Amino acid sequence: MRSTRAVEISTGLFVLLGFACLFFMVTQITNRELAVNGGSYEVTAQFENVGSLRPGAAVSMAGVTIGRVDSITFDQNVYKAVVKMRIASTYNRIPVDSDAAIMTSGLLGGQYVGITPGGADEYLTNGDRIELVQDALVLENLINQLVASFMGRRDEQSSDSGGKQDEGGQNPTEEAK
Amino acid sequence: MVSAVSTHASSAQPAAVSDALIEIRDLHYSVGGRSIFSGLNLSIPRGRITALMGPSGTGKTTLLRLITGQIKPTRGQILFDGIDVASLNTRELYALRRRMGMLFQNGALLTDMDVFENVAFPLREHTDLPECLIRNIVLTKLQAVGLRGAARLMPSELSGGMNRRVALARTMATDPEVLIYDEPFTGLDPISMGMIVRLVRHMNSALAITSIVVSHDVQELSELSDTSYIIAGGKVVASGELKNLKGHQSDIVNQFLNGLPDGPVPFHYPAADYYQQLLGSEA
Amino acid sequence: MKLLRELTGNAGDFAAAVGSVTLFCGRLLAQVPRALLRPSLIVEQIHNAGALSLVIIMTCGLFVGAVLGLQGYDLLQRFGSEDALGTAAALALIKELGPVVTSLLFAGRAGTALASELGLMRATDQLTAMEMMAVDPVRRVVAPRFLGGLIAMPLLTLIFIAIGIFGVQLVGVQMFGVESSSFWSQMRSSVDMNDIAEGVIKGCVFGFACSLVAVYEGYNAIPTAEGVGRATTRTVVISAVLTLMLDYMLTAVML
């Protein structure tokens, strides 16, 4: 009744601006390639330790994101974590003997699943399981490994130096003849 | 005219109902522990101009709010055309209010619309009339109050008197049966006051409606009103034609009508003894 | 004994106030469907609450974004993670700063305008006059203003966030030389629809609360000049407290 044309135009522009900002944020800032490209298939993998991997984390090959982690559950029959992943349908030539490893992106970055291709002629399809896996690195295990290898090398060195002394003892006698 | 005095006396008899548009019987109203009305009786005759007067603070505006159903009485009845106002639900009350028109002291025009839109407001809200009809009605009402040329001004650009005339036009837009004027003469210069007086009388006779005027202005009302009620102390203390009341025996009526500074309404606000306070025995 | 009476009196006052607001809200919501039949009124109120607030929202958004850029860069630099500036700033803006700051600014600009407008209408008997003309002022005057504020708030929030991110980019990329591609790509990989949804939901909830407070205070203002002034002040104070309280509750629920 009373709203003039100017008021209507300015309100319309205001509302459009609001939606434009929403559009900008949704398209420019979020990561929605999977939904846009339409179609994906499911693949699982079982890990002893998933570290800090979360649903929604990326699944990538050669550094390119090809899918997302859908869900992470614990299987009480095999006492392993079951990670379900969705891979975009366009990437349908992943060999069945590929390797899935849980990696960390950057120093502060989150964890993701990295797939290294194998050499088989058969490819993964919906519902397949990746057999070869590498668990997430756990700091304590890493330290134990480091300490163990350090101790091992020290033992080697002490047995080596013992052998060297015998050889050295023999030579002078040979030279003396 | 002569029946004006007897109207008051006969308001207790149900036979007078058909002559009165609004009847108030044994009205009691108190708020915050203070009693404002204690046994008020009056009746507003159809087709006449009735004045409600009284000293400041007697609750004249409260009475209007009771009549229009904005507040409910503690005891007693307010009958509008035989209908008990306090017993209505919201929807019925709104329907009843369409038959009344109220003119507020400051006009109460909607400040974000111009004069034309203000007068058209009740029509737009309550009717589905086409735009051309609304336009004609609005211009007619504005012509009646003499402000057809001011149709496109904003309320802030009008003087006090013009404001009230536009408000009157707005009230008239839906052709109510009764017009209630809350202090219509307050703060107006003699010319504007004369215009309002003329309009009140004209509306009443030309449109055969009932008018209730709440005011202090004894002078203007004595020419204008057919009947008056003087309310003081929560009751009606005098009623009848103003001319006849000038020599009334009641002290309060005498003080009010003659404008005496001291009397039942005291000049001095209650205080301690004057000499004692001055001479320092009390703080 | 007197203290106890005072406390229960205050508690009673508080309970009465809450009850009064709830009843008013119910009455308001009941009138919304009929108020929607007059879209021109609502459009005008969206203009008043939203379009007229654009200047302050956009200016403040720009500065908040710029400050986020400054502080964020300084902080992240200590960990050698300046590249994460985009992520950190965007998430802060979208989830918290955007809705909360917009709400406070809205309360200050649009909320006070609503409250004082309605308070003035109350003080000059305009609302009573409407009631006397058998027009429900809640439907005709209050509901459109409430809806205008409710619709404008989420939109203002989105605009604030978008301008804020632009401000971050101005400081981070143009001023400090953070790599533009990593700025945007890191943001892209960490922000998802849930975060944006969170921000919009908060904007809607704050809009509801602030608009309700503003129209309630205005409608029920004491009809004097002083009363209108007090109503305006109370609008800002109560809106601010309510915003921050709701922010905590919403964040706790949505995390």
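This is a predicted model: local features need pLDDT of at least 70, side-chain atom pairs count only at pLDDT 80 or more; totals for chains, interfaces and linings use all residues.
Chain B contains 11 helices and 10 strands. Its radius of gyration is 21 Å, close to the 19 Å that the globule rule gives for 283 residues, so chain B is as compact as a globular protein of that length. The C-alpha trace of chain B spans about 75 × 50 × 35 Å along its principal axes. Of the 283 residues in this chain, 37% are buried. Among contacts in chain B with a separation of 6 or more, 63% are accounted for by residues 24 or more positions apart.

An open sheet of 6 strands is found in chain B, with the strand order β6-β7-β8-β3-β9-β10 and mixed pairing. Its edges are formed by β6 (100-103) and β10 (235-240) of chain B, each of which pairs on one side only. From one strand to the next, the twist averages 15°. Within this sheet, strand β3 (residues 49-53) of chain B pairs with strand β9 (residues 227-232) of chain B in the parallel sense, over 4 bridges. One residue pair illustrates this arrangement: B:Ala51 has B:Ser228 in β9(B) as its bridge partner.

Helices of chain B lie across strands of this chain. Helix α2 (residues 60-67) of chain B lies across β3, β7 (178-182), β8 (210-214) and β9 of chain B. The direction of α2 is at about 155° to β7(B). Helix α6 (residues 160-172) of chain B, in turn, lies across β6 and β7 of chain B, and runs at about 170° to β6(B).

The contact involves 9 residues of chain C and 12 residues of chain B. On the side of chain C that touches chain B, the residues comprise 5 nonpolar, 3 polar and 1 charged.

Within chain C, helix α6 (residues 137-175) and helix α8 (residues 193-219) pack against each other at an angle of about 145°, and their axes are 8 Å apart. The crossing of α6(C) and α8(C) is right-handed. Where α6(C) meets α8(C), the residues of the contact divide into 15 nonpolar, 6 polar and 1 charged.

Key. Residues are numbered from 1 along each chain as its sequence is written. Chains are lettered from A and ligands numbered from 1 in the order in which they are written. Two strands pair if DSSP finds at least two bridges between them. Helices (H or I, at least four residues) and strands (E, at least two) are DSSP runs, numbered from the N terminus. Axes are lines fitted to C-alpha atoms, for helices over the stretch in contact, and angles run from 0 to 180 degrees between N-to-C directions. Two residues are in contact if their C-beta atoms, placed from the backbone, lie within 7 Å. Ala, Val, Leu, Ile, Met, Phe, Trp, Tyr, Cys and Pro count as nonpolar, Asp, Glu, Lys and Arg as charged, and the others, Gly among them, as polar. The radius of gyration is taken over C-alpha atoms; the globule rule is 2.2 Å times the number of residues to the power 0.38. A residue is buried if 20 or more other C-beta atoms lie within 10 Å of its own, exposed if 12 or fewer, and partly exposed in between; C-beta atoms are placed from the backbone. A crossing is left-handed if the near helix is turned anticlockwise from the far one by less than a right angle, and right-handed if clockwise.
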